[in-house]
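User: Hi, can you walk me through this structure? I'm new to this.
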Amino acid sequence: MKTYYITTPIYYANGEPHAGHAYTTIAADALARYHRVNGDDVFYLTGVDEHGANIDKTAESKGYSPQEYCDMLAPIFTNLWKRLNISNDIFLRTTSDLHKRGIHKFLTALYESGDVYKGHYEGYYCRPCERFFPDKEIPEDKTCPDHKIPLELVKEENYFFRLSKYQDKLLKLYSDQPDFVYPDSRRNELLNVLESGLEDISISRSSVSWGITLPFDPEHIAYVWIDALPNYITALGYDIDDQKFHSYWPANVHMMAKEITRFHAIIWPAMLMAIGLPLPKQIVAHGWLTKDGEALSKTRGIFIDMDGDIETYGVDAFRYYLLREFSFGNDGDYRPARLHARYNADLANDLGNLLNRVLGLLNKNFDAIPSPTTPGEFDDEIKTLTEETITSLDEHIKAFAFDSALESIWVLIRRVNRYVQQTEVWTLTKPETKPRMGTILYNCLEALRIISVLLSPFIPETSEKIQLQIGLKNFDSDTNWGNLQEGILVSKGEPIFPRVDLKKEEKTETMKPKQAKPKSKKKISENISFSDFQKLDLRIGIIISAEPVEGADRLLKLQVDIGDETRQVVAGIAEHYTSDTLIGQQVVIVVNLEPATIRNVESQGMILAASGESVVLVTPEAEVPLGTEVR
Ligand code: MSP
């Protein structure tokens with residue numbers, strides 16, 4: 001069996017975890033689960049980094065010993081990971097015996113490599129980063145660019161690691177293994193650092209008391225990063241469990257955000273080279289989750305209300321939103337309105353309604369899952385698309401493109417929804433058409449079963465619910481088409497994502513303030529008859545995407561979800577609205593207007609807006625179910 005070892009950073013235990021930590025841990029969890037469901041022997045590590053001056057200081061300011069403080073914080077992390085359904089195999093604490101024993105062996109080996117020497121260090125230090133800034137990186141204002149606090153001038157006697165000696169070896173590693181650091185933007189950054197020359201680094205602190213004593217000099221404490229990085233090997237029982245260590249090391253992926261790649265992709269491999277251990281296969285860095293464009297930060301108190309959003313939408317919706325919305329290597333701004341829109345459009349509508357509808361039809365017309373006896377139009381397309389989705393999912397996962405991975409699954413979900421519409425399966429109730437109805441419903445359920453397997457790395461709880469509703473007692477992870485057995489009793493089908501309506505006050509907050517304008521000068525048009533008016537079919541929809549139309553500054557191409565289907569509408573509102581303010585907005589749409597092609601883009605309806613000097617969309621005063629008629 002192939003092994004797959006994946007790690008997150010071990011997070012500092014100097015404050016509670018936030019949504020940024022959750023993002024890395026969920027992304028790594030998706031990879032761990034993906035490899036598990038595909039049959040690999042996975043080991044997934046996360047944990048906490050508990051030593052260092054920073055934690056000592058925080059604990060003291062709160063009136064605890066550092067150990068007491070860490071003992072209080074560790075369960076806050078583990079409880080959050082449990083709540084988020086994280087499937088880690090170990091939660092490593094750097095104050096644990098396992099780590100202390102391993103680090104002792106590691107530091108001894110490093111010392112014996114001959115690449116450690118004693119010297120003096122004077123430099124600018126950032127306490128929250130726990131790092132000295134090399135001379136060429138000290139900003140003019142001597143302020144840490146990440147934490148926005150002044151750097152401290154620190155002078156100490158330290159042990160040093162001869163990092164400079166490894167410059168050429170690291171350059172060779174980067175050229176032999178171009179994907180050692182992923183994505184390329186991060187690799188290029190680090191290549192610049194490498195090419196501009198490496199300085200030796202201090203690996204101990206004489207002024208710090210909370211940490212691990214150097215085995216070769218009890219007067220010194222290991223620098224917190226030198227204590228932390230080897231957690232990736234100590235967690236495998238580096239000094240006590242050779243078999244486990246060798247079966248999982250080297251790690252397949254060390255996952256993290258962009259700010260700590262230098263430690264992982266320069267210092268860590270150099271130290272491993274020094275002690276003769278294999279190097280991790282890949283250092284993978286994502287961007288930062290931001291709030292209003294600013295990095296989340298314990299130190300600066302910038303937070304996302306993760307608890308509130310999980311409470312409202314559930315854990316899977318939160319996981320889904322993070323993985324679906326952000327493009328992995330880039331920064332991404334967390335927006336509750338987008339989570340809301342994704343929840344209602346993708347989860348409640350596309351996925352939840354599909355399952356509900358298929359189970360409803362099945363329960364109404366059959367006693368159990370029917371056999372697929374009567375093939376017909378579109379069946380092969382569904383089967384082929386399911387198989388293609390499995391392949392494309394694998395490609396996206398290999399590129400850490402969780403957003404595209406989920407989008408490819410949603411292409412399939414939407415296709416199955418269309419299959420239900422195209423075949424008008426609900427009409428096939430007569431005895432002579434019923435076998436065809438049974439076949440279509442079987443195909444829908446089989447697609448949903450496979451979809452639940454494909455979704456299991458991302459939204460595991462939902463996957464289980466889907467399979468339970470299909471009537472499978474044990475989770476069936478086989479993705480071969482046709483594995484679903486006929487004769488299984490399905491459940492009644494409770495909605496897996498009940499629609500969430502924003503409370504009125506929240507809705508008001510997300511809406512753009514609109515200025516009153518002078519009244520319109522246009523004369524009232526001639527009367528029409530009531531029956532003329534009745535010809536208009538007006539419905540409530542929600543805007544789920546908005547993009548510019550090429551070559552037309554005033555136009556936007558909108559996708560509007562109207563409950564049973566999604567309409568594409570071209571609207572002349574680009575000068576008045578940005579896509580950010582539109583997405584998640586409920587609107588009134590004329591759904592029986594003849595389709596038109598505007599600038600080569602098909603428009604399948606029209607959204608209503610008050611249109612004078614300014615253009616203001618007409619929206620329902622409170623949120624209503626999609627597809628509701630407007631009269
Ligand atoms: N203790 C070190 C890591 C040692 S690993 C050997 C550390 N801890 S940390 O608590 O600061 O965690 C940093 C990591 O948390 C980031 O690399 C990332 O994985 C995650 N994130 C923290 N804030 C984040 C965002 N705003 N956005 C995305 N991820 C974020 O560094």
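This is a predicted model: local features need pLDDT of at least 70, side-chain atom pairs count only at pLDDT 80 or more; totals for chains, interfaces and linings use all residues.

User: Is Phe-530 buried or exposed, then?
Analyst: Phe-530 counts as exposed because its relative accessibility is 59%. Phe-530 lies in helix α19, residues 530–534.

User: Which residues make the nonpolar surface patch of about 420 Å²?
Analyst: Ile-528, Phe-530, Phe-533 and Leu-536 make that patch.

User: New topic. How many salt bridges does the count come to?
Analyst: The count is 36.

User: What does Asp-29 form a salt bridge with?
Analyst: Its partner is Arg-33, and the closest N and O atoms are 2.9 Å apart. Both residues lie in helix α1, 4 residues apart, or about one turn of the helix.

User: Is Asp-29 buried or exposed?
Analyst: Asp-29 is buried, because its relative accessible area is 0%. Arg-33 counts as buried too, at 18%.

User: And which residue pairs with Asp-115?
Analyst: Arg-162 does, with the closest N and O atoms 4.0 Å apart. This pair links distant parts of the chain, 47 residues apart. Asp-115 sits in the loop between α4 and β4, and Arg-162 in the loop between β6 and α5. Asp-115 is buried at 3%, while Arg-162 is partly exposed at 29%.

User: What about Arg-414?
Analyst: Arg-414 forms a salt bridge with Glu-407, with the closest N and O atoms 3.3 Å apart. Shared partners join Arg-324, Asp-350, Glu-407 and Arg-414 into one network of salt bridges.

Note on methods. Residues are numbered from 1 along each chain as its sequence is written. Side-chain values use heavy atoms; hydrogens and water are left out. Patches are made of residues with over 30% relative accessible area and no salt bridge: like charges are joined within 9 Å, nonpolar side chains (Val, Leu, Ile, Met, Phe, Trp, Tyr) within 5 Å. Accessible areas come from the Shrake-Rupley method with a 1.4 Å probe; for residues, only the protein chains shown count as cover. A salt bridge is a side-chain nitrogen of Lys or Arg within 4 Å of a carboxyl oxygen of Asp or Glu. Helices (H or I, at least four residues) and strands (E, at least two) are DSSP runs, numbered from the N terminus. Buried means under 20% relative accessible area, exposed over 50%, partly exposed in between (1.4 Å probe, protein chains only).
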